[in-house]
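Look over the sequence and model first.

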Amino acid sequence: MADSSLRQPIAVAGSRSRKAGKFQWGKWLLVAFVFGFLGLILLVPALNVFIQAFKAGLPGLLDTFTSKFFLNAAKLTLITAVITVPLNTVFGLCAALSLANKNFPGRSLLISIIDLPFSISPVVAGLMLVLLFGNRGWFGPLLEASGIKIIFALPGIVMASIFITMPFIAREVLPALEENGTQQEEAAATLGATQWQTFWRVTLPSIKWSLLYGLILTNARAMGEFGAVTVVSGNIVGKTQTLPLFIEEAHIQYNSQAAYTASLLLACLAVVTLVLKYLLERRAGIQHRGH
Amino acid sequence: MTSSPPSSSPGLWHQILHAPWTWRVTWFYLTLFLFLPMAALVLKALTLNPAEIWRIATDPVAISTYNVTFFTALVASIINGFAGLIIAWVLVRYEFPGKRFLDAIIDLPFALPTAVAGLTLSTIYSSNGLIGGFLEPFGIKVSFTRLGVLVAMIFIALPFSVRTVQPVLQDMEAEMEEAAWSMGASQWQTFWRVILPPLMPAILTGVAMGFSRAVGEYGSVVIIAGNIPFQDLIAPVLIIQRLEQFDYAGATVVGTVLLLISLSALLVINLIQARGRRFYG
């Protein structure tokens, strides 16, 4: 970010020194194209969520907000995120700490493996869990005998969410750790700090922004995951229905008010996510990249 | 000795037993939540006999879903490749009102749950929707057709194309273009010979990442598409339909095909990036 703010004035000054009239024309044509394209693909659809949700005014919203099935779906989505995010945080931190500032054979392979869930279709991820824990899956008979339900129940939904959001934190924290190096940690160890003390007082404060960035992305994806959860949840209304599943069901039943009210809630989550992401990118100089 | 991860001297078992606990947590977690599920799919596929696998994989419905999925994802990611280049260019090189807002909203598809995206896109692009209504008189239907699948895939994959090109463009020296200009190159020559070549690896990476994401996408597509076989049924939806019919073999084979394609896309991305580093590093 700092880099770009240095360069932009140069670029603008440079473009101004060119054949001014013609070049400016090209500039505004391109700007108009960007506004048009993003308008059609992103802006209008995003605004539409708010328009449709408020179509019937406050009563329409309250109708859905107080319905039992909606509340159950919202609760399940929240519970899923509350379990998924901390578990993935512990994993992400452990993986990043194991990989940072170290050199061993297979290191880049391990990084690719951790990134793997981003390349696997969520539906295939869900299918894997069904084949593992479902009725006819590898552990199906064992689970049935011991009375544990994973598929069509909360554990399956959580495992699907964990799978889908696994790489976020490691991939944000790892570059931060690499950039900081190990000098401070070594100094702390020399001064007699234990590993825990070093982690809490030296390492964690130095990566807090990157960690927060990863947490935000993990949470947004965990709350919004649809494909993987569809496969493992069984979509039992009021029991294993998360908010995204509630939206689909309401949409299929032509209950567009309910669908858009639930969408409004998730769209607000997306807006909060984007604002926090934007602030973190500006404050902490975290580079955004594709996910 | 306990603190050093896999080094050279002691045996493998010794290393595993004495690895720091961060290592053990990492491997335990990866094994439980990633390796085990992946193994379940591969092992299930291996229990089927090859003739059976071939029959399911080349079933006409399955073939048509690959066609719809891969072709549409390819078109979407190529459109995004062009649009992403222009968007990145405009965001990096120009100043205009609303620029910061546009820059922030590019990531919307990462933040907005796909069910919401599918819902709102299908409303807007339906024949009586805000945008679909304009297209209707021209006989263009978007929602519940393959065009709808395309729109959803463009939406879902757009950030990849912008965010891979943007940092490279930011680091590019404006002086290079100035030099090309002052030596008498035309605008087009400057673009083709000076600006585009160093951007190419980033553009291709963005296209490949977008393609990979679009191929696997389920949530937004299932809502905007009609999910009719031979028309706009995509492979992930077919997997779910097979599972609903308790056809585990069918789901497994299509899932494995999808997984292999995703892994190939990943390999291509890594190769492009490795080449990019070698030539333009």
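## Salt bridges within chain B

In this predicted model, B:Glu95 and B:Lys99 form a salt bridge, with the closest N and O atoms 3.4 Å apart. B:Glu95 counts as partly exposed because its relative accessibility is 40%. B:Lys99 has a relative accessible area of 12%, so B:Lys99 is buried.

A second pair is B:Arg242 with B:Asp59, a salt bridge whose closest N and O atoms are 3.6 Å apart. This pair links distant parts of the chain, 183 residues apart. B:Arg242 sits in helix α13 (residues 235–244) of chain B, and B:Asp59 in the loop between α3 (50–57) and α4 (60–93) of chain B. B:Arg242 is buried at a relative accessible area of 13%. B:Asp59 is partly exposed at 22%.

## The A–B interface

Contacts between the chains involve 93 residues of chain A and 101 residues of chain B. About 8,800 Å² is buried between chain A and chain B, 76% of it on carbon and sulfur atoms.

The count between chain A and chain B is one salt bridge. A:Lys277 pairs with B:Asp107 in a salt bridge, the closest N and O atoms being 2.7 Å apart. A:Lys277 also forms a salt bridge with A:Glu281, with the closest N and O atoms 3.4 Å apart. About one helical turn separates A:Glu281 and A:Lys277, because they are four residues apart in helix α14 (residues 256–284) of chain A. Both A:Glu281 and A:Lys277 are buried. Over all chains the count comes to 13 salt bridges.

## A buried threonine

A:Thr165 lies in helix α8 (residues 154–165) of chain A. A:Thr165 is buried, with a relative accessible area of 0%. Leaving aside neighbours within four places in sequence, A:Thr165 is in contact with A:Thr84, A:Asn88, A:Thr218, A:Arg221 and A:Ala222. A:Gly140 is 25 residues from A:Thr165 along the chain, and their C-alpha atoms are separated by 25 Å.

## A nonpolar surface patch

A:Leu78, A:Ile79, A:Val82, A:Ile83, A:Leu87 and A:Leu154 make a nonpolar surface patch of about 460 Å². Helix α4 (residues 68–99) of chain A gives the most to the patch, with five residues. A:Val82 lies in this helix α4 of chain A. Its relative accessibility is 56%, so A:Val82 counts as exposed; the cut-off for exposed is over 50%.

How values were computed
Residues are numbered from 1 along each chain as its sequence is written. Chains are lettered from A and ligands numbered from 1 in the order in which they are written. This is a predicted model: local features need pLDDT of at least 70, side-chain atom pairs count only at pLDDT 80 or more; totals for chains, interfaces and linings use all residues. Side-chain values use heavy atoms; hydrogens and water are left out. Patches are made of residues with over 30% relative accessible area and no salt bridge: like charges are joined within 9 Å, nonpolar side chains (Val, Leu, Ile, Met, Phe, Trp, Tyr) within 5 Å. Accessible areas come from the Shrake-Rupley method with a 1.4 Å probe; for residues, only the protein chains shown count as cover. A salt bridge is a side-chain nitrogen of Lys or Arg within 4 Å of a carboxyl oxygen of Asp or Glu. Helices (H or I, at least four residues) and strands (E, at least two) are DSSP runs, numbered from the N terminus. Buried means under 20% relative accessible area, exposed over 50%, partly exposed in between (1.4 Å probe, protein chains only). Contact means heavy atoms within 4.5 Å. Buried area is the accessible area (1.4 Å probe) that two parts lose on being put together, summed over both.
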